[in-house]
Each structure stands twice: as structure tokens, then as C-alpha cells.
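Hi everyone, thanks for making time for this. Please have a look at it first.

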Protein chains: 2
Amino acid sequence: MQNAINNPSLRIACSSCNLRELCLPVDLGGQEMERLDALTSRKRTFQRGDYLYRCGEGFRALYAIRTGFFKTQVLHEAGREQVTGFQMPGEIIGMDAISSDAHTCDAIALEDSEICEIPFDRLEALSREFPGLQRHLHKIMSREIVRDHGIMMLLGSMRAEERLAAFLLNLSQRFSARGYSPTAFNLRMTRQEIGSYLGLKLETVSRTFSHFQEHGLLNVKVREVEIMDMLRLRSFVGGT
Amino acid sequence: MQNAINNPSLRIACSSCNLRELCLPVDLGGQEMERLDALTSRKRTFQRGDYLYRCGEGFRALYAIRTGFFKTQVLHEAGREQVTGFQMPGEIIGMDAISSDAHTCDAIALEDSEICEIPFDRLEALSREFPGLQRHLHKIMSREIVRDHGIMMLLGSMRAEERLAAFLLNLSQRFSARGYSPTAFNLRMTRQEIGSYLGLKLETVSRTFSHFQEHGLLNVKVREVEIMDMLRLRSFVGGT
DNA sequence: AAATGCGTTTGATATAGGTCAAAAACCATG
DNA sequence: CATGGTTTTTGACCTATATCAAACGCATTT
């Protein structure tokens, strides 16, 4: 954990960040952008397995992912855990903690990653000055709510194949938005983690991958996924 | 649908609302409260089955429930629907719509109900002036995110009995916070709706109620529920 | 190269909850 | 208070997914 203020090499401004279009500064004007730069100067790096925050920790900041991959999970008694999301560059995490001033889930790096820390009180102050930023912050929180509703739909009323198809299409779309291939990517998470997220056991996830492969929808080689028939995969989710 | 501005009998100010402690104005100072009063003057009443808003409708306002009961649901293709929540007095709904300027779910009255409309642009303007209100709005949105994570946990990793127990305890706690009995209440929603919310079929919900009754945990008579053994019900959720 | 260890795949079997169907209870209306 | 429609309960049976178990693949260490 380094102090970025003393380490100029880690200072990457929002204004020059290549995730600008996906992250907090979307749609901001020049003056707003400058002020936001001042706010997000602190960067931190994480290795696979490191915690960005833990359930119960005090709330100070939101975090924008610059590079890498995280998962968030809520813990129930006795090791039962539920993965609530997988986050990738340009996404903001930590909003769960605002309501009680403490984090209500864990955030764990799935690979070596880098984040920008956004002190929340300063973000609030800035968003009082700039209505555009304020609205954007509200949109980010609202988007999280909408995303969660989608997962409820998935968990509450889809079969295993539909869930996995929806999951893969969601990843595909997010990779695509970041300039990566929508059809070939590799998974950063284990079958176990996918299963937890989708409300399935890891064996079911593995079997469903195999089914998809048998039916020519995908090529899967452990963590490497190639979508062969996007349309048919889509028809699974909306479909029959 | 009446215009409240022309109907003084419907003008109930936040400052004199008995839900003050649960709703938007919690922790606000005198001046903030007055300004909020001016903003929430429009009331609307709904009958059982009426839509407060529909998926796709443009976003204008958040809604505070004054009396009654609502459900929210997201629609999937071909009639498949997922109930995402049941809302009671003092709760704020509509935040899903901020992200895309359009509602992403339906909100439907489960009984005759009354709401306060809170125009969102004016709420944002006011919260730029009053940091206390701003933080409170953020907390409300964050609370929704945390709530959704709890439901994901429930849908992703609990068995039918645990789900229903968690559901009843949640209702109990919310009735209790509103000054009603935590042990005896009646359900405003059908078995079907409970099932949709909990990711179960209505028959399973009905059977699980019967099991609980056989084991002396509850007395159920269709919509009337009496919790007989709160501790044992709790141990179901955290439990075994 | 062998050994160790984690994650994945696959198979055989079990079970929680789904499905289908019918009866019973409840509710609104004439 | 009879009627028709909806909701709920209960039963019998079925299936999707879980569980248990073994083998396999791949990466890392010795």
C-alpha cells in the first residue's frame, strides 16, 4: 500500500484516464474535471486475493477500478457467502457502505489490480458545486440498483442454462464496452465463484459450460471462453 | 388522480408527518424541513391494483409512501415477472429510474394507498444547498443497494424455509419500526407474489407456511400471520 | 521428473422444490 | 345467500439441481 501523493508515477488524472468514458468523469466539463483530478489522486495497487475493503470496515471512500478485476461478496454465518458482483475497470464500488458508514461486504481482487480512491465527503462537496457531477453520482448509484434487480430476476426465475448465458452475455457486453473482444475473453473467477454469483453449485456451472460446448454455443477451455453463437446464446436468456 | 395543490385536505407537510422518523426528513433542521415541505406538497391516492408507475415511463420524481402497501416488479419476456420488493409507509421508491431517466420496473398498490411525490430535480437542488439532506438521500439509495444484496443472498443460497423465515422476520421488523405488532400482522400480498419475491412457486410458499404452523412457529390463517416462536424462526435464518 | 495441490470435469445417486390437478376457502356481487 | 371468480391448500408425481465421489489437468515446488 503506497502513498500515491509521494509517488508521482502513480498519479494518473481523471482528465487523462482512458476509462473517462465509463467512470465517474463522464460528461464533465473542464473545470469540473480539474477539481475531480485533485480529488482522486490517491491510487493503490492490489495483488490477487488482496482485500480492497472488508465487511465492517469504516466508510471513507468510493473506489474506481483502473485495471484488474474484483469480486464483492456478502457473508452469512458459518462460511456461507454470496458473491454479489464482479467488477471491472471503470466501475465504481463501495456504495453499499454509505448507508451505515461501514462496508457491508468484502471486495477482493481477482487478479493484480489498481484502483483510484475517491474520498466520499469530498465527492459530495464537489457534487454540491457541480450539478452535472451530482446527477452522475446519482446515476451510478441508481445503475447499481437496476443491476441488482437484474440479478434478482436471474436468481429468482431463471434456470441454470439461462443464468449462465445471461452471465456470459453480460461479461461479453462489458468487455466490448472496454474495447475488448465481445466473443473471446478469459474468466478471472473460479467455477465456485461463478456458482455463488448465479446461485448454483460449481458442478452445475461446469456441466452447463460443457452443455453449451456440446451444442456449439461456446468453446470453453477452463478459464478461456469463446462465444461461437451469440444469437443462440441470447435466445436462451430471452427465450423459450 | 387529484391535484393536491387545489385540494388543501391532502396537504400534509413533512414537518408534521408521523413518518418523519423513517422517511426523507429524518435528521433535518428547521429550515431544511420547511423547504422540503414546499417540495413534497403533491399527494396522490391509489386503489388496490393501481400503478404508481410503469416500466418505461419517464422519470420525474421519487415517491414516499404515506399509507398503504406497494410491490415493485421487473418484467421479463412473456409474462415472466420478478417481484423485487414490497414497500410500506415511510419508504421511498422510484430510484431505479434515475440511471436511465425511465422507470425500469412497475410499482403497483397492494391496497388503497397514498404517496407523496418528490420531484427529483428539485430534491437534487435542495440537497445541493443542504449537506444533511444530500447525505440522507445518498443513504437512502445505499440502503436500497444493501437491501438488494440481502435478497441476492437469500435467493442465491437459502432453502425455502430459510427464505420464508427471513421474509417474515423482515416484515415483522418493519411493522415493528412503524409501531405495529412485530408478531401479528396481515399479509397484503398473495402467495404468488411472495413466491415471486422469494424465488419459489406459490405452492411451495403455501406448504412452507403449513410446515411452520405444524411446528408451532406460526399461526397462519390465509393472510393473517402470528409469529409464535420468534427465536426459533430466527434460528432458521441464521441457523443450522 | 516426481510430488503436491488446487481447480475442473464427469459420473452416479439423492432430494428439494416444481408441476399438475383437484378440492376447499375466501371474497365480491347481484 | 346464492354465484362465480380468485386464492389457497393439499396430494401425487416428476425433474432440475445438489450431493458425493473419483479422476483429471495444470501449475508450482522439490
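Let's begin with chain A, which is divided into domain 1, residues 5–132, and domain 2, residues 158–237. Please keep in mind that this is a predicted model. The C-alpha centres of domain 1 and domain 2 of chain A lie 26 Å apart.

How many residues of domain 1 of chain A are in contact with domain 2 of chain A? There are 16 of them, and they are in contact with 12 residues of domain 2. Between them, the two domains of chain A bury about 1300 Å², with 58% of it on carbon and sulfur atoms. On the domain 1 side, Phe69(A), Phe86(A) and Met88(A) lose the most area to domain 2, and together they give 42% of what that side buries.

Now for the polar part of the domain interface in chain A. Four salt bridges are found across the interface of domain 1 and domain 2 of chain A. The count of residue pairs in polar contact between domain 1 and domain 2 of chain A is nine. Strand E5 of chain A, residues 81–87, gives the largest share of the domain 1 side that touches domain 2, namely seven residues. By type, the residues on that side of domain 1 of chain A divide into seven nonpolar, five polar and four charged.

Next, the two chains. The size of an interface is often given as the accessible area lost when the parts come together. For chain A and chain B, that buried area is about 4300 Å², of which carbon and sulfur atoms give 58%. In chain A, the residues that lose the most area to chain B are Arg128(A), Met152(A) and Met153(A), together 15% of what that side buries. As for contacts, 45 residues of chain A are in contact with 45 residues of chain B.

Eight salt bridges are found across the interface of chain A and chain B.

Which elements give two or more residues to the side of chain A that touches chain B? They are E5, helix H2 (120–129), helix H3 (131–157) and helix H7 (230–238) of chain A. H3(A) gives the most, with 20 residues. The side of chain A that touches chain B divides into 16 nonpolar, 15 polar and 14 charged residues.

Let's zoom in on salt bridges within a chain. Over all chains, the count comes to 34. In chain A, the side chains of Arg60(A) and Glu117(A) meet in a salt bridge at 3.1 Å, N to O. Arg60(A) sits in the loop between strand E2 (51–53) and strand E3 (61–67) of chain A and Glu117(A) in strand E8, residues 113–119, so this pair ties together parts that are 57 residues apart in sequence. Is Glu117(A) buried or exposed? It counts as buried, because its relative accessibility is 1%, under the 20% cut-off. Arg60(A) and Glu117(A) are also linked with Arg42(A) and Arg44(A) in a network of salt bridges.

Over in chain B, the side chains of Lys71(B) and Glu193(B) meet in a salt bridge at 2.8 Å, N to O. Lys71(B) is in strand E4, residues 70–75, of chain B and Glu193(B) in helix H5, residues 191–198, of chain B, so the pair ties together parts that are 122 residues apart in sequence. Lys71(B) is buried, with a relative accessible area of 7%, and Glu193(B) is buried as well, at 13%.

Asp101(B) has a positive phi of about 60 degrees although it is not a glycine. Asp101(B) lies in the loop between strand E6 (92–93) and strand E7 (106–109) of chain B, and Asp101(B) is partly exposed at 36% relative accessible area. Val222(B), not a glycine either, has a positive phi of about 60 degrees. Val222(B) is in the loop between strand E10 (218–221) and strand E11 (224–227) of chain B, and Val222(B) is exposed, with a relative accessible area of 59%.

How values were computed:
Residues are numbered from 1 along each chain as its sequence is written. Chains are lettered from A and ligands numbered from 1 in the order in which they are written. This is a predicted model: local features need pLDDT of at least 70, side-chain atom pairs count only at pLDDT 80 or more; totals for chains, interfaces and linings use all residues. Side-chain values use heavy atoms; hydrogens and water are left out. Helices (H or I, at least four residues) and strands (E, at least two) are DSSP runs, numbered from the N terminus. Buried means under 20% relative accessible area, exposed over 50%, partly exposed in between (1.4 Å probe, protein chains only). Domain bounds come from an automatic or database domain assignment. Contact means heavy atoms within 4.5 Å. Buried area is the accessible area (1.4 Å probe) that two parts lose on being put together, summed over both. A polar contact is a pair of N or O atoms within 3.5 Å; within protein, one must be able to donate a hydrogen and the other to accept it, and residues adjacent in sequence count only if both atoms are side-chain atoms. Ala, Val, Leu, Ile, Met, Phe, Trp, Tyr, Cys and Pro count as nonpolar, Asp, Glu, Lys and Arg as charged, and the others, Gly among them, as polar.
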